[in-house]
Amino acid sequence: MNAPARVLLGRALVAVPERAVLVLLALGLAGTTAAQFSAVRPQVVFPLAAVIVVVGWRSVPTPDRVDRRAVLAAVVLVLGVGAWIGWNWTSVAQYVVVNRDPGFLTLRALWLSEHPSALIPVGSAADAAAAVAGASAGTEAFWLDDGLLYAQGNTMLPTLLAVEGWFGGPALVMAGNLLIVAVALFGTYALARRLTGPWWALLPTAALGVCLPFVMFARAAYTEPLTLAFLTGGLAIAVGAWHRGAASRRGGEFPHVLAGAMVGAVAAARIDGAVAVSGFAVGTTLAVALFTGPRSGIRRQVAGGIVAACAIGLVGWVDVARLSPDYLETHRSQLGALGLATVLLVAACLGMLMAPSSVWGRLGGTRTTVARWACGGVALLALALVTRPWWYQAHRIDPDSGAALAVQVLQSSAGQVLDGTRSYDELSVAWAIWYLGAAAVVCGFVGWAVLAHRAFRRPDPGAAVAVVSLMVAGVFPLVLVNITPDQIWAVRRLLPATFPALLVGAAVTMHVIVEWLRARGVVWQASGRALVAAAAVAVIAVPVSTWPGVIGTVELSGRYDQARAVCGALDSAGVERIAWVHSSPFRYLATLRVMCDVEVVEFVQTPDRAQWTALADAWGDSVAVASFDAADVPWASPQASAVGRTSSTTMERTLIGPPHGVDTVESEVWIGLLRADGMVDPLGVRVDG
């Protein structure tokens, strides 16, 4: 290979992280847009995504360093991420039941992989349910309105998984989040590289990749890794744009707008992502104040970035309002407060950007003093968060809710005083320490202080954008977790921003220490090298130490095969209508509707004979009845008729500390055919999945 070709290949490799996030953004926005028009088809999504990629391609700033070290680090990153995908591929979860968020997200993705509309028609099930007391054609996380099921949440992740399903079918839909998470690792590396350099950036990327929550949430359809990719990727582009200064806009290049669009995509992927938009608006406005060059042009570009973030975030709100209106209504009060706060902050930031130049000059003159105060402020914030369990106890759970009962069950198992109102928000930093280690968390906070000081003292507008955006997005869930506090589920609140912020901050701290030692010749001594190596290993070793007993767990193992067995039994019997009786452990209406393509009604309480007779009258012949519990079905004869026997595993639920065990549940589905007299005849065939 000649020299020019090697240079081009090297540049391409070094640019992979930011480019990968751009492609993900394009596919996500294209899929979400197509979903609004019931047009989730390859011929719509791919051309639209291609246009977005072409428009944004030139706006991705080149990495700060493109040399042999940067290329080698990029090669290590790509190979490492590839190996990480291969390692996790065999442990993908089988969330095809409505259990936690991945259940309804995976089912929605499976539906979209074969249908252009995100809305799921229920057919004659709506009329049958209306005619029978206790019956419903809607279910948990799938609201029924005018004969259609509206699934919970935004459509971006389901559409992305559906796109993958076009290439690999249901198996790739279920495993597809691994590819999205790979992009999240690229985004984390890209941001860390802008702040520390190519080799140091590998440290937070590796630590995040082996972190137990990150691994487990990568194996199922969680939205947090997707938002992590957009947040870190957008900030990497923003920092790169500021490092290029006044040259950050040249023919056809709008890096600040692209960065804003990526951060805004956090709100398009999750309805609570407006926090990231707020942090970005404040951070970029502060960066303008710290910029030492001509501000007239850069102020317009930054304002464009903030507007782009709000516009893309608004796409997410429109998405939920149209395709999940009941979910929006359920969270109206919380989202209303968040939306109002975001609007006020954005308006204030845009107002500042329109202020006279003399105001900006006065702001710039206070940098030296503010640098010390900013560093001290971060230290005080960290101290308050770390010591919070000593002086505060959070009680934010409704005592009459199901969450309160769940907390009491966990408290009983942990030997604690029963109090269902406790939300354990004060332990959020402890959660981070459980999975990342005390050294990483402490160094992370120190890194935030270093970046804050650097932003004002040098000044460094890029550092200002990074530290403010990460702190706003990362501290918010530390203060207000807002989730049922069972592990490992609860710590997902910290995954999109807090974990990467702490790990990138830890890398910044270590990089600064090494540079300080190198300036004094210490780092080249054996003791200095050993100290640096030990610190780096500790950042990775502590997350790995939480693996024993759980790392190989396949969440809800066997559930996909079980559902396929049920579908096969219904198909063999020629049945297209089924009544499901809710029983432990899951409600099954959405699973049957999506995977078996049959019409379904669901009973939450076991029906009596009169209800079964009414259903037979309302729905006609060839209606199946099914349940996980044979006792729920009024059998006409005792003949065996179970299908899909499986042994399914899940990680244990814990309250204090990471999970270290696995729970196993044996289950099978009992199926029969409903008679006019309300009794049920077994299918007569036993098929084990």
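At the start of α27, which residue has a side-chain oxygen that reaches to within 3.2 Å of the backbone nitrogen of A610? The residue is D608, and the points below, which concern a predicted model, begin with that helix.

1. Ends of helix α27. A side-chain oxygen of D608 comes to within 3.2 Å of the backbone nitrogen of A610 at the start of the helix. Just after α27, G620 takes a positive phi of about 85°.

2. The two faces of α27. This helix, made up of residues 609–619, has Q611, W612, L615, A616 and W619 as its buried residues. Seen down the axis of α27, these buried residues fall within an arc of 140°, so they line one face of the helix. The face turned away from that buried side carries A610 and D617, both of which are exposed.

3. The largest nonpolar core. In soluble globular proteins, nonpolar side chains tend to be buried together. Here the largest nonpolar core has 210 residues, of which F142, F499 and L615 touch the most other members; L615 is also one of the buried residues of α27. The element that gives the most to this core is helix α8 (residues 177–196), with 13 residues.

4. Surroundings of F499. Once neighbours within four places in sequence are left aside, F499 is in contact with L208, C211, P213, A432, Y435, L436, V491 and L494.

5. The three-stranded sheet. An open sheet has the strand order β1-β4-β3 with antiparallel pairing, and β1 and β3 are its edge strands, each of which pairs on one side only. Strand β1 (residues 120–121) is joined to β4 (residues 148–151) by two bridges, in which I120 has L149 as its partner and P121 has L148.

Note on methods. Residues numbered from 1 in each chain as written. Predicted model: local features only at pLDDT ≥ 70, side-chain atom pairs only at ≥ 80, totals over all residues. Heavy atoms only, no water. Core = buried A, V, L, I, M, F, W, Y, C linked by side-chain atoms within 4.5 Å. Buried < 20%, exposed > 50% of the residue type's maximum accessible area, 1.4 Å probe, protein only. Helix = DSSP H or I, 4+ residues; strand = E, 2+ residues; numbered from the N terminus. Contact = heavy atoms within 4.5 Å. Pairing = 2+ DSSP bridges. Arc of directions from axis to C-beta. Polar contact = N/O pair within 3.5 Å; in protein donor to acceptor, adjacent residues only side chain to side chain.
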